[in-house]
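Colleague: Could you take me closely through how the helices pack against one another in this model, and which residues make those contacts?

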Amino acid sequence: MGTPDTNRIDRDIRTTKRKLEAAAKREMWALNGPERRALVSAMGSVTAKVVRHKSTTRAEEKAAATWESAQMRLQAEINALQVERDEAVRRAATDKAAKKAAKSSGWW
């Protein structure tokens with residue numbers, strides 16, 4: 001293995017970083033299914049509370065917590081992908097060093 005094949009991992013890191021930026025801007029496309037459902041539920045609750053002239057604090061806090069958890073999940077994904085990429089590079093370097101050592105084991 002000469003050079004590490006990190007194209008897939010790099011692409012996933014870029015995609016996840018774009019999702020993290022989108023989540024910071026409160027864009028729905030960056031969320032996964034359960035997060036979208038929780039957010040839609042919270043917004044529906046806010047709407048119902050507004051119509052009834054009640055306090056919307058708890059529903060707004062739920063929506064804010066959903067956005068924060070989405071950002072934390074995406075950051076954790078980025079960190080895991082970076083660790084995976086570092087490990088692939090380290091493996092490639094180890095393989096290359098082993099190959100070079102085996103090649104130059106002769107007397108000359």
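**Helix packing around H3**

Modeller: In this predicted model, helix H2, which covers residues 33–51, packs against helix H3, residues 57–103, at an angle of about 160 degrees, and their axes lie 8 Å apart. Because angles over 145 degrees count as roughly antiparallel, H2 and H3 are therefore roughly antiparallel to each other. The crossing of these two helices, H2 and H3, is left-handed. On the H2 side the contact is made by Glu35, Ala38, Leu39, Ser41, Ala42, Met43, Ser45 and Val46, and these meet Ala59, Glu60, Lys62, Ala63, Thr66, Trp67, Ser69, Ala70 and Arg73 in H3. Sorted by class, the contact of H2 with H3 contains nine nonpolar, four polar and four charged residues.

Turning to the other helix that packs on H3, helix H1, residues 7–24, also meets H3 at an angle of about 160 degrees, here with the axes 9 Å apart. That angle makes H1 roughly antiparallel to H3, and H1 passes H3 in a left-handed crossing. From H1, the residues Arg8, Ile9, Asp10, Asp12, Ile13, Thr16, Lys17, Lys19, Leu20, Ala23 and Ala24 take part, and their partners in H3 are Trp67, Gln71, Leu74, Gln75, Glu77, Ile78, Leu81, Gln82, Glu84 and Arg85. The residues of this contact of H1 with H3 divide into nine nonpolar, four polar and eight charged. Trp67 of H3 is listed in the contact with H2 and is listed again in the contact with H1.

Key:
Residues are numbered from 1 along each chain as its sequence is written. This is a predicted model: local features need pLDDT of at least 70, side-chain atom pairs count only at pLDDT 80 or more; totals for chains, interfaces and linings use all residues. Side-chain values use heavy atoms; hydrogens and water are left out. Axes are lines fitted to C-alpha atoms, for helices over the stretch in contact, and angles run from 0 to 180 degrees between N-to-C directions. Helices (H or I, at least four residues) and strands (E, at least two) are DSSP runs, numbered from the N terminus. Angles under 35 degrees count as roughly parallel, over 145 as roughly antiparallel, 65 to 115 as roughly perpendicular and the rest as oblique. A crossing is left-handed if the near helix is turned anticlockwise from the far one by less than a right angle, and right-handed if clockwise. Contact means heavy atoms within 4.5 Å. Ala, Val, Leu, Ile, Met, Phe, Trp, Tyr, Cys and Pro count as nonpolar, Asp, Glu, Lys and Arg as charged, and the others, Gly among them, as polar.
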